[in-house]
Amino acid sequence: MSEQGGAVPDAVEGRYFREVLGHFPTSVVAITTTDSDRQPGGMIVGTFMSVSLEPPLVSFLVDGSSNTLRTIRTAGRFCANALAGNQERLSRRMAGGPNRFEGTEWEESPLGNPVLAGIVAWVDCTVEKIVELGDHQLVVGRVRTLRVESMKTPLLFFRGGYGDYLSSAGLLLDRLVGW
């Protein structure tokens, strides 16, 4: 029974689960690493979060079948790049396909991970722990170094679309006011 007296459902249908959770805005973060040949690898996640201040830990979730996850496991390190509001095209390219870094400028972090040009901030980590959770893996990283790169607004994902903090907030306010 729920707190309100109704029956608790046994299962949640996947499509409905995804639809409802789409109403929770998420930041768009590019997780990057390099393989043993120093070739860049990366993926987009919407689940990057702070875990602990002491020790400094962060985490993200990734599909267990991800090729980038395999590279991160082998390398033992990754960099989280907070994308800026004007980097939707980069996000789409890094979300899939074989040429994720084509035309993308980046520099090496102190750990050797790609730090993408034009981002808001980055966090360079070594892998602390990887935990299997359903069809995803929770990757926990120990923060080794981090930096704010710009005061740009971050790229957000909300209700199936991209926006930045200011434009998304403006649209919401316009709807509430009735404009």
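The lining of the largest pocket divides into 16 nonpolar, 16 polar and 7 charged residues (Ala, Val, Leu, Ile, Met, Phe, Trp, Tyr, Cys and Pro count as nonpolar, Asp, Glu, Lys and Arg as charged, and the others, Gly among them, as polar). This is a predicted model, in which local features need pLDDT of at least 70, side-chain atom pairs count only at pLDDT 80 or more, and totals for chains, interfaces and linings use all residues. Residues are numbered from 1 along each chain as its sequence is written, and side-chain values use heavy atoms, with hydrogens and water left out.

Let's stay with the pocket. A pocket here is an open set of points on a 1 Å grid over the protein atoms alone, where a 1.4 Å probe fits, with protein on both sides within 12 Å along at least five of seven lines; lining residues have an atom within 4 Å of a point. Of the 39 residues lining the largest pocket, R18, I44, V45, G46 and H136 lie nearest its centre.

Now to the aromatic rings. Rings of Phe, Tyr and Trp (its six-membered ring) pair if their centres lie within 6.5 Å; planes under 30 degrees apart count as stacked, over 60 as edge-to-face and the rest as tilted. The count comes to 3 aromatic pairs. F101 and W106 have ring centres 6.2 Å apart and planes at 70 degrees, so they are edge-to-face. F101 is buried at 13% relative accessible area, while W106 is partly exposed at 29% (buried means under 20%, exposed over 50%, partly exposed in between, with a 1.4 Å probe and protein chains only).
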